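Work each task on the structure before reading its solution.

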Amino acid sequence: MQITEYWRSNKDWSKYLGKKGKVLSVSMMEVSASDQIELLPYAYLLVELEKEKISLMGVAHQEFKIGDEVEIVLRKIKKEASSEIICYGLKAQHV
Amino acid sequence: MNIKVIGSYIGQFGELWDKSLTDLIKEGVNGVLTDAQIFPSEIEAIFVANKAGGSFNEQRHLGALVSEQFSHFPPAMRVEGACASGGLAVVTAQQALLSGLYKTVLVLGVEKMTDVSSNQASAILATAASREKEYGSTFPALYAILADYHMHQYGTTREQLSSVVVKNHLHAFDNPKAQFHKKFTLEDVSNSAIVASPLRLLDCSPISDGVSAVILSSKKSNRKTQILGFGHAQDTLALQDRQELGKLVATQKAAKQAFNQASLSQKDIQAIEVHDCFSIAEILATEDLGFFAKGQAAKAIIKGQTTYGGKLVVNPSGGLKACGHPVGATGVKQIAYLSSLIEAGQFNLTLAHNVGGSGATAIVNILGRK
Amino acid sequence: MKNSKISKNRTGIVAYGTALPKQKVSTNTIAQSQGKNSDLAKSLGVVSKTVPSLDEDTITLATGAGKIALDRFLTNGGVINDINTLFIGSESHPYAVKPSGTIVKTALGLSNYLSMADLQFACKAGSQSLQIALAYVQAGMSKNAMAIGADTAQARPGDALEYTAAAGAAAFILGNEKNGDQLLAELLATKSVATDTPDFWRKPKESYPQHFGRFTGEPAYFKHVTMATKALLEEVNLQPADIDFCVFHTPNAKFPQQVAKQLGFTAKQLLPSLIVKEVGNTYAAASLLALGEVLDIAPTKSKILVCSYGSGAGADAFLFETTNHLVTQRKKYSSMLAEQISALQVIDLANYQKMRSQNEH
């Protein structure tokens, strides 16, 4: 992720942090983009919030199924190279 | 105006280490001109379908690259709609013919994917998704989400997903241009390594190199194959913004447009080439195109309804899964393949379906002889 | 009781929140991974410690605690843009240069008008943040302030510290209220000490801290905790018997018990604060988490004495008094610390080793 792209994306965090929702659909990923290889396996989820749907990664070490209640938290979203900035983002975890 | 397919060519699909992007382009141009038996100078314009030459090959400006294969340098453009680039180029060509500006045009679809690592290829394919909203996903993960939903909502089973793959590999076995000539059992598919649950390695179409080309003309021709109608529809880029997860609305809309234009309905169609980038995509396609009721396609597929002797033949070429998926070439190959079946008298009315991303773009072409 | 140093608008805690990773490992499992028996673990009095997930760090834990505090603050009528101060203390700030606090504040949606810095002073960086935040509010420079202590502590595998180096965060929102009853707990007094005592240190390029054995006991922990606590009690002219709860920094379960006894506190006064037994030593979060646990259970008008300790070395002592407002507000709280502790999932040896190696700085 480019730095400025990342910087723009974090304006959304406070809008979603702490929001709760239900898992609409989920896939457990065993193959990922190179940025996320160290985080495998992780879930990718489609979550229904109160007024909208959001798709996002699940937190490390948790598995999910359709219907699970989740809440949105801040976590690291990739393993960065030593010269790169640390990238944080929104993920879903079990309530 | 009648638009006919007056020439078609499909190159070998596979890992073509010896062939560069330019080699494939040259092969496609020569191949289709040979099949059409027309002079190169008759080509008035060129539409190049290619998803990501800029990323795979550090080569953009493909219109120029294809145009210079002709000594008269016809005007050319590249058309991109992610994995629907091929179908989109076919539609763009038809728009040009319908405008009356041109009478004979070339559509060439090409993708050279194997010069980058498979990790890089994966990342490039993922650009068909929403960068802002779908970070952390891969392309298989997005279709896996559709599969998870479909299985939960309609009871589609693991075995039924596998049956799509088994059938397509069976079809490809007799297609010399297909990437794979290997038959699988249901267990082979169901037990292959998980990529993004529930999708496994053998549910996913491969990384491929390949070229395909057709020549479309509004002039009189002895050729039988006519494009009877087309449809082009869009939906939200990201899955999270879709109204429904159980169907691809863009496919439904595009099919409706095409059937309308052609004044035909599903029962008239005998064979279809659909966009099976993943096994679940074929199930969704045959439902959303209207050939089976929602939630019913998977049962029909495993029962043999979508192969020879069934209700209709789906993906006689082997589809994306078994014939291969050089992304930009696929939508053009569908037209080329179906037209060759029509010219050979095997089918009269057929349909081609090409999708971009997780369903944000859908193209349907109905071709046959009336 | 001498109260001359406290302004007429009483200053104190208006909201608080805690965050722990979701998993813990038993000290027996750690002993196994070191190929040792469980004698050392027993002597430390710690049964398990929290282990952060692959995608957690000090910033994500601080955000989690901050969010709970913020939600409680807003529910109680707080205004988010009134929080114009944020200090975060940690030994494991993810960056050497770039503050953790700006990322936390972005996730929480705090105002851009913010006095903010990261602090380091070993395990007292969190309590020092608390004291600074209280000072901002007391001075009238900020209507509300937030202070966080957070750590994902690292220990060299095989080292004694591995048994206790844990992860967690605690956040406090401070305010100044005219009648003191809007506070959950009022600050009555605070006292800090600092000397140059090289008991425990880490240079920037080193992954793990060094510590100088038994020197970390009497001349370090005990000396500074005793100095600060005695000075605090002297200032407010109180005896340990006048205090309802005491909280001392928890490098293990033994040190706080010893210092409490030496200072004249009873085991009963100390007991609720000993979450270290299950959670481990959360370093800059430790005293603050323990304070959080006491606030979760303390009755109205309880005096709580807190004394942290930071290697290098120093200590911050505080005297708080709870209000009735705490007792009524608590009824609405979810995510209480005891709940978070009981929800911790035990991980086995293989998973512990995997998570530990992938969390290495």
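Chain B and chain A together bury about 2100 Å², of which 55% is on carbon and sulfur atoms; buried area is the accessible area (1.4 Å probe) that two parts lose on being put together, summed over both. The model is a predicted one, in which local features need pLDDT of at least 70 and side-chain atom pairs count only at pLDDT 80 or more, while totals for chains, interfaces and linings use all residues. Residues are numbered from 1 along each chain as its sequence is written, chains are lettered from A and ligands numbered from 1 in the order in which they are written, and side-chain values use heavy atoms, with hydrogens and water left out.

**Exercise 1. Describe the side of chain B that touches chain A.**

Step 1. Start with the residues. Contact (heavy atoms within 4.5 Å) involves 24 residues from chain B and 28 residues from chain A. On the chain B side, 32% of the area buried against chain A is supplied by B:Tyr135, B:Ile145 and B:Gln240, more than any other three residues.

Step 2. Count the polar links. There is one salt bridge between chain B and chain A, a salt bridge being a side-chain nitrogen of Lys or Arg within 4 Å of a carboxyl oxygen of Asp or Glu. The side chains of B:Arg131 and A:Glu5 form a salt bridge, at 2.6 Å from N to O. Polar contacts between chain B and chain A number 13 residue pairs (both at pLDDT 80 or more). A polar contact is a pair of N or O atoms within 3.5 Å; within protein, one must be able to donate a hydrogen and the other to accept it, and residues adjacent in sequence count only if both atoms are side-chain atoms.

Step 3. Assign the elements. Helices (H or I, at least four residues) and strands (E, at least two) are DSSP runs, numbered from the N terminus. Helix 6 (139-154) and strand 5 (194-196) of chain B are the elements that give two or more residues to the side touching chain A. Helix 6 of chain B has the largest share, seven residues.

Step 4. Sort by class. The chain B side has 11 nonpolar, eight polar and five charged residues. Here Ala, Val, Leu, Ile, Met, Phe, Trp, Tyr, Cys and Pro count as nonpolar, Asp, Glu, Lys and Arg as charged, and the others, Gly among them, as polar.

**Exercise 2. Which chains does no contact join, and what does chain C share with chain A?**

Step 1. Chain B and chain C are not in contact; their closest C-alpha atoms lie 13 Å apart. Two pairs of chains touch, and chains A and B have the most contacts.

Step 2. Chain C puts 21 residues in contact with 21 residues of chain A. The two bury about 1800 Å², 60% of it on carbon and sulfur atoms.

Step 3. Three salt bridges are counted between chain C and chain A. C:Glu56 and A:Arg75 form a salt bridge, with the closest N and O atoms 3.6 Å apart. Eight residue pairs are in polar contact across the interface of chain C and chain A (both at pLDDT 80 or more).

Step 4. Helix 3, helix 4 (100-108) and helix 13 of chain C each give at least two residues to the side that touches chain A. That side of chain C has eight nonpolar, seven polar and six charged residues.

**Exercise 3. What lines the second largest pocket?**

Step 1. The second largest pocket holds about 1100 Å³ of space. On a 1 Å grid over the protein atoms alone, a pocket is an open set of points where a 1.4 Å probe fits, with protein on both sides within 12 Å along at least five of seven lines; lining residues have an atom within 4 Å of a point. Grid points are joined across faces, edges and corners, and a volume is the space filled by probe spheres set on the points.

Step 2. Its lining has 39 residues, with A:Glu71, A:Gln93, C:Ile68, C:Ser335 and C:Gln340 nearest the centre. Helix 3 of chain C gives the most to this lining, nine residues.

Step 3. The lining of this pocket comprises 13 nonpolar, 15 polar and 11 charged residues.

**Exercise 4. Where does the cis peptide bond from A:Leu40 to A:Pro41 lie?**

Step 1. For this bond, omega is near -10°.

Step 2. A:Pro41 is in the loop between strand 1 (20-29) and strand 2 (42-48) of chain A.
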